[in-house]
Amino acid sequence: MTTVRETTGYRARAIAPDVLAGLRERDDAGRPTAPFSDEEGGAPLRCCLRRSEPGERIALVSYAPLRRWAAETGATPGAYDEQGPVFIHARECAGPAGEGHPFSNARRVVRRYGADGRILGGRLVGEGSARFGAAFTEAFDDPAVALVHVRAVEYGCFLYEVRRDRVTGD
């Protein structure tokens, strides 16, 4: 993952450019990527943590965020290793820009994971970026929590990851 936006001391991580390059060829389910023109716009892009603009070329791919994190850390998430749909730009983009909490305009779930890759619980977070900061602080106040996933409530889709590596200043 690429570190991108500070979220009250914790950073949201977009999907890393090297991972995106692979996903633009073949997704984590092994399927070839099929780009399309997003005529309406509004798709939550996990490459740059913003919504798509009408007419942008994007792709819907299967992505396994916990599996990729586990490969980096040696964790064994077992049954918690899931893959699901994410939107990305069809071609390389500039990545995230700006500050704040991406996709905080709706209720989300902050799902907590331990260093072994197993789920430790979650919290429903209401609309508004201040609530996200409190949810991250609450999650990481538990020393067993290694990372959290921010997910959509309606479909459970992965939006981005936040790791324990707190930012104390740039």
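## Salt bridges

A salt bridge here is a side-chain nitrogen of Lys or Arg within 4 Å of a carboxyl oxygen of Asp or Glu. Asp-27 and Arg-31 form one, with their closest N and O atoms 3.7 Å apart. This is a predicted model, in which local features need pLDDT of at least 70, side-chain atom pairs count only at pLDDT 80 or more, and totals for chains, interfaces and linings use all residues. Residues are numbered from 1 along each chain as its sequence is written, and side-chain values use heavy atoms, with hydrogens and water left out.

How many salt bridges does the structure hold? The structure holds 10. For burial, the cut-offs are under 20% relative accessible area for buried, over 50% for exposed, and partly exposed in between (1.4 Å probe, protein chains only). Asp-27 is buried because its relative accessibility is 9%, while Arg-31, at 48%, is partly exposed.

## A link across the chain

Another salt bridge joins Glu-82 to Arg-151, and here the closest N and O atoms are 3.2 Å apart. This pair connects distant parts of the chain, 69 residues apart: Glu-82 sits in the loop between α2 (65-73) and β7, and Arg-151 in strand β10 (residues 145-152). Helices (H or I, at least four residues) and strands (E, at least two) are DSSP runs, numbered from the N terminus.

## Strand β11 and its neighbours

Let's move to β11, a strand that is mostly covered: 6 of its 6 residues are buried. Two strands pair if DSSP finds at least two bridges between them. Strand β2 (residues 10-14) pairs with β11 in the antiparallel sense over 2 bridges, and β10 runs antiparallel to β11 with 5 bridges. The hairpin of β10 and β11 has 5 residues between the strands, and Gly-156 takes a positive phi near 80° there.

Which residues face Glu-161 in these pairings? Arg-13 has Glu-161 as its bridge partner in β11, and His-149 stands opposite Glu-161 as well. The side chain of Glu-161 also meets that of Arg-163 in a salt bridge (2.5 Å, N to O). Both Glu-161 and Arg-163 are buried. Through salt bridges that share partners, Glu-72, Glu-161 and Arg-163 are joined into one network.

## Aromatic pairs

Rings of Phe, Tyr and Trp (its six-membered ring) pair if their centres lie within 6.5 Å; planes under 30 degrees apart count as stacked, over 60 as edge-to-face and the rest as tilted. By this rule there are 3 aromatic pairs. One of them brings together Tyr-63 and Phe-158, whose ring centres are 5.6 Å apart and whose planes stand at 55°, so the pair is tilted.

Tyr-63 belongs to strand β6 (residues 56-63) and Phe-158 to strand β11 (residues 158-163), so this pair ties together parts that are 95 residues apart in sequence. Tyr-63 is buried at 3% relative accessibility, and Phe-158 is buried at 4%.

## The loop between β7 and β8

Contact means heavy atoms within 4.5 Å. Ser-104 lies in the loop between β7 and β8 and is buried, with a relative accessible area of 14%. Leaving aside neighbours within four places in sequence, Ser-104 touches Glu-127, Gly-128, Ser-129 and Phe-132.

Arg-107 is in the loop between β7 (84-89) and β8 (108-114) and is partly exposed at 46%. With neighbours within four places in sequence again left aside, the contacts of Arg-107 include Leu-124, Val-125 and Glu-127.
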